[in-house]
Amino acid sequence: MSAGDSNPAATPTPCEDIQGDGRWMSLHNRFVSDSKDKEPDVLFVGDSLVQLMHQFGVWRELFSPLHALNFGIGGDATQHVLWRLSNGELDNISPKVVVLWVGTNNHGHSAEQICGGLLAIVQVIKNKLPNARILVLGILPRGKLPNPLRERNTQVNHLVAEAVSSLPHASFFSVDPGFVHCNGSISHQDMYDYLHLTPQAYQAVCQPLHAHLKSMLDKPAEI
């Protein structure tokens, strides 16, 4: 793999505080603090699709019983998650499974760069949590109608699925229940702004994810 310096998506980078209120770093520091007194079996890491999951019933219904912790921050791209995980968020916990869901916010990056960013995150998790299994979730389609970002996200999923297929500690899981209709459109009843999920869409995504996580947790870890 090429050095992170040549791939901005794989170079650990704190999120720029454009708003000036320090929220991103405050959230990161809270996660580091949270990790010191929690013992999660499952850790979710990623962008707003992870963060917002915490606000819906699916979290309490499906993931809280699995002793899950949510380290999602809206707007994060791979390089931001890479920085967070390299700077303390994994240092005090030892989850059995880490769920990674990020990549749709990597604006200006190619599919190959985003794949490299995801693989760099997988490597950091492996280094810090050698006994954890890593589940990389597929990036969802976006936009009401077909568009270049949809095509890029699909390409990322193909690249990542192929790349992790040879890794014993990582696997790829598609959570798209079929959001794109046969005419190429996405409904606002599934994605209210054609990016973020409605409560019913979270159910469609999280039910199979929950079943998959249960099977992973029930299976003894391979040495």
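**Exercise 1. Is Ser-35 buried or exposed, and where is Ser-35 found?**

Solution. The structure is a predicted model, in which local features need pLDDT of at least 70 and side-chain atom pairs count only at pLDDT 80 or more, while totals for chains, interfaces and linings use all residues. Residues are numbered from 1 along each chain as its sequence is written, and side-chain values use heavy atoms, with hydrogens and water left out.

Step 1: Ser-35 is located in the loop between α1 (23-34) and β1 (42-46), where helices (H or I, at least four residues) and strands (E, at least two) are DSSP runs numbered from the N terminus. Step 2: Ser-35 counts as buried because its relative accessibility is 0%; buried means under 20% relative accessible area, exposed over 50% and partly exposed in between, with a 1.4 Å probe and protein chains only. Step 3: leaving aside neighbours within four places in sequence, Ser-35 is in contact with Phe-71, Gly-88, Glu-89, Asn-92 and Ile-93, contact being heavy atoms within 4.5 Å.

**Exercise 2. Describe how α1 and α4 cross.**

Solution. Step 1: the axes of α1 and α4 come within 10 Å and cross at roughly 40°, the axes being lines fitted to C-alpha atoms, for helices over the stretch in contact, with angles running from 0 to 180 degrees between N-to-C directions. Step 2: α1 is therefore oblique to α4, since angles under 35 degrees count as roughly parallel, over 145 as roughly antiparallel, 65 to 115 as roughly perpendicular and the rest as oblique. Step 3: the residues that make the contact are Trp-24, Met-25, His-28 and Phe-31 of α1, together with His-80, Trp-83 and Arg-84 of α4.

**Exercise 3. Which residues of the largest nonpolar core touch the most other members?**

Solution. Step 1: a nonpolar core is a set of buried Ala, Val, Leu, Ile, Met, Phe, Trp, Tyr and Cys residues joined through side-chain atoms within 4.5 Å. Step 2: of the 37 residues in the largest such core, Leu-43, Leu-85, Leu-100, Ile-121 and Ile-125 touch the most other members. Step 3: α1, β1 and α4 (78-86) are among the elements that give two or more residues to this core, and α5 gives the most, with ten residues.

**Exercise 4. Characterise the surroundings of Phe-172.**

Solution. Step 1: Phe-172 lies in strand β5 (residues 170-173) and is partly exposed, with a relative accessible area of 23%. Step 2: not counting residues up to four places away in sequence, Phe-172 touches Val-136, Leu-137, Gly-138, Asn-157, Val-160, Ala-161 and Val-164.
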